[in-house]
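Please read it alongside the sequence and structure.

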Amino acid sequence: MRRVLMPPAEASLRLEASTNGLADRVPGLSARRVLSFGQLIGIVLLFGLFFVVLVASPVLAVTIFVSFVTVLYVIAIVYRAYLYLRSTRSHVVEKISDEEARAVPEDELPFYTVMIPAYREAAIIQHLVENISRIDYPIDRLEVLLLVEEDDAETMSQLMQSDPGPQFCVIPVPAAEPRTKPKALNYGLTLARGELVAVFDAEDEPDPLQLRRAAIAMSRLTLDTACVQAKLSYNNTGQNIITKWFTLEYAMWFSYFLPGLASMEAPIPLGGTSNHFRREALRSLGGWDPYNVTEDADLGIRMFREGFNVRILESTTYEEANSDFVNWIKQRSRWFKGYLQTFFIHMRHPLELVDEMGWKGVAHFTVFVGGTPILAILNPIFWLLTILWFVAHPHFLISVFPAPIYYLGLFAFAFGNFLLVYLTVLSSREVKNGQLILNALFIPIYWLMMSMAAYKGLWQMIVTPAFWEKTMHGLHPNDAPNLEQASDSVGAGRTEP
Amino acid sequence: VTLTETRPEEYPTGAVPAMGDPYPARQSSFGQRWGRRIRSEGGIVIIVSFVAYFIVAMLLDFKYHVFPLDGVSRMANAYYVLYSRDPHLAAIGFVWNPLPSIATMPFLLFKDLWAPLTTLGVAASLVTVISMTGAVYQLLRCLGDWGVPRLPRLLLTALFALNPMIIFYAGNGMSEALYLFTLIATCRYLLRWIRDGDVRSLSYAAVWLGLAYLARNEAAAAALFAGIVVFVISYRKKAQPSPTRAAFSDLSIFALPFAACFLGWAFASDVITGQPFAQFSSQYGNSAQIAVNGAKVDLTYRLLHELKSVTYMAPALLLIVVLVLMAASAGQLDKRVWGMVAVLGGSLSFSLITYLDDKIFPWFRFYILLIPIEVLLVGAMVAGLVAAREKARAVAEAEGGGATELGASHLGAGFLITCALAVLVLIGPSIPLTAAGMFNPIVGQEETTELGFIFHDHLTAQDKSTEQDYAGWTTIGRYFSSRHLPNGDVVVDTFSGCVPAVYTTVPNPKIFVITNDRDFQRVVADPLTFGVHYMLVPKPTGLGSLEALNKAYPTLYAGGAGFTKLVHQFPAKGECPPFRLYRVFTHPTEVG
């Protein structure tokens, strides 16, 4: 396989641009620092004030807290119900039939760059090459950049041994902190020549016509649509209960919530893979934020702030769902941490944000990006309170729930739980011929897992904000014939810096 | 003249908006969108029905003071939750399904701004006005989805909306309007699902059905029959890989919201009252009421009574059913009609069967579902004719090779007028006959009682009594308003007669200890210990014998049961039975 070599001076220039480009140009939008000084003061003051009230009048303090959270719950629930209702507006989903996709002559297709960050993915290199080779796109109009950390000898040697088509090309990314996927992507972006740029993960199995579909969709959309996002699903759904729930969760996101958000022209947190960008738009945005652990979600928000649109592409990429409990918790804690990071970063200057996004945009952003991890953190507290209520009926609970809040809370409890279980049941129809319907009924256990991850994410955000929880791939027996090797890499993942 | 609208599902496949238009459905401004909605057919129907029903409601409330007590009770249940001396959610009570009460709550919050909301039951009336408007709109959309052209569609909707039973129940504060609204909406989305197979349509139908159950129990029967239809239709689609699994999956999606409402309500009822189905089994429930008040008539009488009621409500029903069956056997009928029959007919069958079994009263209002049933059956036949005609036309064109403009009307004016006349002949007679049924003292027992005094030239004794209803409870209400009693001074069971109406009339309802207060049983057992000095008790005849004070102290009404002395007597007036107010002077136990 080809490998891009360049003088060390050039490599370090590109590295510097990938690492600090965004932070140097627009420090306000980089997660190099999570909380601004003002925010830190604000949070300290808020906690201080709460503590003072708590000491002066515990009942009042708890009542204020409970009321605030209950209102938040009600908003989040009504919002999700509304997203479901809106998701029927199919005009936000770009549908290009197989015939249409194949009909476009090769010389009318744009030059395409596919970027695949592969860090410690030696076990699945063969698999990766096969899946990407299956893409139906003229190879003289395609470059596939495999972004490999320079010192990841194992992956590098696996790649160099394989001999795929001429479109493949290995890019060694100089070893330097932060070792994150967005930094590797930025490095790739400095070299990308394609008019359109797609990102895939190493274990992805994209729909072979996806690039053609995306290219056609982009040619029909105006330049302010900077990105089309393909749908994601899992190829190892049946492996265990975690992968089944994960599949249901994705089905709900891509079938209901994402189209709902898009139809309301809300800011959309992108997924980490199978998004197709106009290269120039991406560059003008400064690429990904290498310090943000959900750089994909953050990029979606930054696009919205700059006035770019995101559309959804009817085309599915199959990924490997995280099947291991510990591994899942790590991945999810990173997502929650990233959402929190993203929320705080964009909230540094709320008025500026309102100027750029409008009130509606900020409301969407707050409920979806800020609300999701915060509610996952609050859920266990309120589950415990509910159980306590039914079991012991303690008097202090009555005193901290003023009547209107009590009724709102009851609504959130009864309707909210029902709605989310029901939406999961409905999602089960979107995948696997509805086999997962019984699993859908037990989704509350999955919510419990989410809350565990949310606490881990919160803790990490405070302690190590830029630490990237690497998700191990190749845990699926069919993907990784050498299980020992796979479990080795899980061990390696734990000892990451 | 274009009398048909183009229906999205009839666009030929592949007719996507032209290339080069990057935003085919770019959203217009908020104002433009609402302007269009209001001027659309549906918007106009909503506005006209709402205004008309609102006028009816205001006349019934302010001019005639017609408040059917079931409606007042449901509003009072919400009132207890918010404004009783012990405000708590469980005070909503479990004898009636909760949605009609819950729906009045937002209006009750404004009672201090506009007293008639409670004193004249306007809150309950507003709920029925809105609900019936919703029912009319859902029916219109249902016919539209079906493909009924505009002229017959508007005519059918008007014949529904103008039926005197519909008009009366659109303004009187009862639960029928809300039930019709939720059930017709269920129908509409179920029919849509049968057509498009989209799981979203099925989920909307399912949620509306759950709400329908929270309005009235009969929805359980609708759920049963509709569930069967969902299963069969889904199974017959022969989905791969397993039709059985697909059918069970569809059935679960359809049944889940209903099951959640059903079990949730039963669970709440069980936790609070100890009876999961208080609406049937409680001291005050249907069974108890029938046992006390049911007239003893035999099965033949009940059967004939049902036939009579059906004939008054939908005189051409038999003819319509025969025509529908003929159309079905000729393959001219859309299979969606069975979804409608399952939902509305299923619910109606519950009332029919339980009355034959002598478990409920044969109220004329139970047959109100026949009105949407006949309208939708006739609508289905019109839709069948339209489909056949369009098909024939398409075949002729394919042979002739002529191209037609997309969405242009294929239907001649003659055809549409014929349809309209058929609709008039089949459903038109319902309007005068239903009115006749309402004023037939055997068929329309309740309606005659409630409305007779407005329409009769010579008032009967009953009419005169109804006219006194409002006077009855305001008399009692005024007595208590003028006494300036402290909170929690008078114990009374809200079950009897006009007590809920008294309760919502007085400015200081907190003086009453009522059935739904958590200390009610203890107070009844020993009023004085709880600082309660008065007991208000109705005459223990008929339903009055089910009343809690009479059950606890059978001799209270007649002679004070030894621990109280008579303070005041209220004579019977309208729906109010004779009441006596006793002052408690000692503990009942000390009397032995």
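**Note on aromatic contacts and a pocket**

1. W335(A) has a relative accessible area of 22% and is therefore partly exposed. This residue belongs to a predicted model. F246(A), by contrast, is buried, at 0% relative accessibility.

2. By the ring-centre criterion, 53 aromatic pairs are counted over all chains. One of them joins F246(A) and W335(A): the ring centres are 6.0 Å apart and the planes stand at 65°, so the pair is edge-to-face. Because F246(A) lies in helix 9 (residues 241-263) and W335(A) in helix 12 of chain A, the pair ties together parts 89 residues apart in sequence.

3. In chain B, Y64(B) and F453(B) also form an edge-to-face pair, with 6.4 Å from centre to centre and 75° between the planes. Y64(B) is in the loop between helix 2 (41-63) and helix 3 (69-83), and F453(B) is in helix 21 (residues 445-455), so parts 389 residues apart in sequence are tied together. Y64(B) is partly exposed at 26% relative accessibility, whereas F453(B) is buried at 12%.

4. F246(A) and W335(A) belong to one aromatic cluster, whose members also include Y79(A), W253(A) and F368(A). The charged end of R80(A) sits over the ring of F368(A), 5.1 Å from its centre. In chain B, the charged end of K237(B) sits over the ring of W193(B), at 4.6 Å from the ring centre.

5. The second largest pocket has a volume of about 1,400 Å³. Its lining comprises 43 residues, with L46(A), F47(A), F65(A), F68(A) and I374(A) nearest the centre. Of the lining residues, 38 are nonpolar, five are polar and none is charged. Among the helices of chain A that each supply at least two lining residues are helix 12 (325-346) and helix 13 (350-392).

Methods: Residues are numbered from 1 along each chain as its sequence is written. Chains are lettered from A and ligands numbered from 1 in the order in which they are written. This is a predicted model: local features need pLDDT of at least 70, side-chain atom pairs count only at pLDDT 80 or more; totals for chains, interfaces and linings use all residues. Side-chain values use heavy atoms; hydrogens and water are left out. On a 1 Å grid over the protein atoms alone, a cavity is a set of points where a 1.4 Å probe fits but cannot get out, and a pocket is an open set with protein on both sides within 12 Å along at least five of seven lines; lining residues have an atom within 4 Å of a point. Grid points are joined across faces, edges and corners, and a volume is the space filled by probe spheres set on the points. Helices (H or I, at least four residues) and strands (E, at least two) are DSSP runs, numbered from the N terminus. Ala, Val, Leu, Ile, Met, Phe, Trp, Tyr, Cys and Pro count as nonpolar, Asp, Glu, Lys and Arg as charged, and the others, Gly among them, as polar. Rings of Phe, Tyr and Trp (its six-membered ring) pair if their centres lie within 6.5 Å; planes under 30 degrees apart count as stacked, over 60 as edge-to-face and the rest as tilted. Buried means under 20% relative accessible area, exposed over 50%, partly exposed in between (1.4 Å probe, protein chains only). A charge sits over a ring if NZ of Lys or CZ of Arg is within 6 Å of the ring centre and within 35 degrees of the ring normal.
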